[in-house]
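Here are a few exercises to work through with the model open beside you. Grab a pencil and try each task before you read its solution.

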Amino acid sequence: MKELFDQVEFVENPLYESIIEDLLQRKYSVIDNFYSAEEVEVLRNGLLAKYEEDQFKKSAIGNKTNELVEKEIRGDFILWLNEAEAGTAENVFFNRVNNLVDYLNKTCFMGILHKEFHYAVYPEGTFYKRHLDTFQNDGRRKLSVVCYLNDETWLEENGGELTIYVDENGEEKAVDLYPFPGRVVIFESQELEHEVQRVKHSKRFSITGWLKTR
Ligand SMILES: O=C(O)CCC(=O)C(=O)O
Ligand SMILES: [Fe+2]
């Protein structure tokens with residue numbers, strides 16, 4: 001009875017359909033204004049409050065039990081989000097993500113059961129060298145999701161672009177994506193190598209995370 005009700009309720013979502021289409025065709029999707037300017041501001045303020053309280057720590061490589069701080073590989077500072085304790089800002093974030101996850105599970109049988117997200121701050125001069133997200137020894141990571149929280153004054157000359165390496169007819173192609181506010185990039189965690197170019201000016205703010213299978 002419940003299943004029947006769910007089917008009746010289903011409404012096709014053109015934005016989500018275009019994300020799915022992109023992922024199928026080229027393994028990544030870029031969605032500008034996934035979050036509105038107001039939402040980005042709420043999220044950035046949430047991030048900044050915690051950053052200023054010194055709640056962030058230097059990121060590490062490896063998994064949680066085998067952490068290695070390696071400045072030559074990545075220089076960002078992170079804070080893991082706990083959905084159970086989400087405040088106003090984090091709820092804004094999770095509401096939309098959960099909505100998308102429900103849609104993916106319903107329409108593509110993706111089997112996303114878990115997620116993990118962290119805030120990230122890349123101070124001036126920092127970067128994250130080319131890597132695959134499964135390098136973190138977590139084969140359950142299915143989709144990587146990055147959401148940019150910079151303000152509208154972010155300029156291309158600030159650097160900090162996400163470069164994704166894609167295959168185009170057997171040739172590798174580098175796609176540069178600037179961290180403009182409200183932009184969300186989703187890509188196949190097991191498939192696409194990527195890097196964060198050096199931030200030349202200012203601090204770069206984001207939320208990064210993974211949608212995971214069991
Ligand atoms: O911030 C980005 O654009 C990507 C970050 C990233 O690749 C990671 O944290 O694994
Ligand atoms: Fe990554």
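How do the residues of the shell around ligand 1 divide into nonpolar, polar and charged?

**Solution.** First, some housekeeping: this is a predicted model, where local features need pLDDT of at least 70, side-chain atom pairs count only at pLDDT 80 or more, and totals for chains, interfaces and linings use all residues. Residues are numbered from 1 along each chain as its sequence is written, while chains are lettered from A and ligands numbered from 1 in the order in which they are written.

Step 1: list the shell. Ala 120, Tyr 128, Asp 133, Val 146, Leu 162, His 194, Val 196, Ser 206 and Thr 208 surround ligand 1 (a residue is near a molecule if its C-beta atom, placed from the backbone, lies within 6 Å of it).
Step 2: see where they sit. Strands E10 (194-196) and E11 are the elements giving two or more residues to this shell.
Step 3: sort them. Ala, Val, Leu, Ile, Met, Phe, Trp, Tyr, Cys and Pro count as nonpolar, Asp, Glu, Lys and Arg as charged, and the others, Gly among them, as polar. You get five nonpolar, three polar and one charged.

**Exercise 1.** Check the span of helix H3, then work out where its buried residues lie.

Step 1: pick out the buried ones: Glu 39, Val 40, Leu 43, Arg 44, Gly 46 and Leu 47. Buried takes 20 or more other C-beta atoms within 10 Å of a residue's own, exposed 12 or fewer, and partly exposed is in between, with C-beta atoms placed from the backbone.
Step 2: look down the H3 axis. The buried residues fall within an arc of 155 degrees, so they line one face.

**Exercise 2.** Is Leu 43 buried or exposed, and which residues is Leu 43 in contact with, leaving aside neighbours within four places in sequence?

**Solution.** Step 1: Leu 43 is buried, because 25 other C-beta atoms lie within 10 Å.
Step 1: beyond those sequence neighbours, Leu 43 is in contact with Tyr 35, Ala 89, Val 92, Phe 93 and Leu 149 (contact: C-beta atoms, placed from the backbone, within 7 Å).

Conventions
Helices (H or I, at least four residues) and strands (E, at least two) are DSSP runs, numbered from the N terminus. The expected span of a helix is 1.5 Å times one less than its number of residues. The arc is that of the directions from the helix axis to the C-beta atoms. Two residues are in contact if their C-beta atoms, placed from the backbone, lie within 7 Å.
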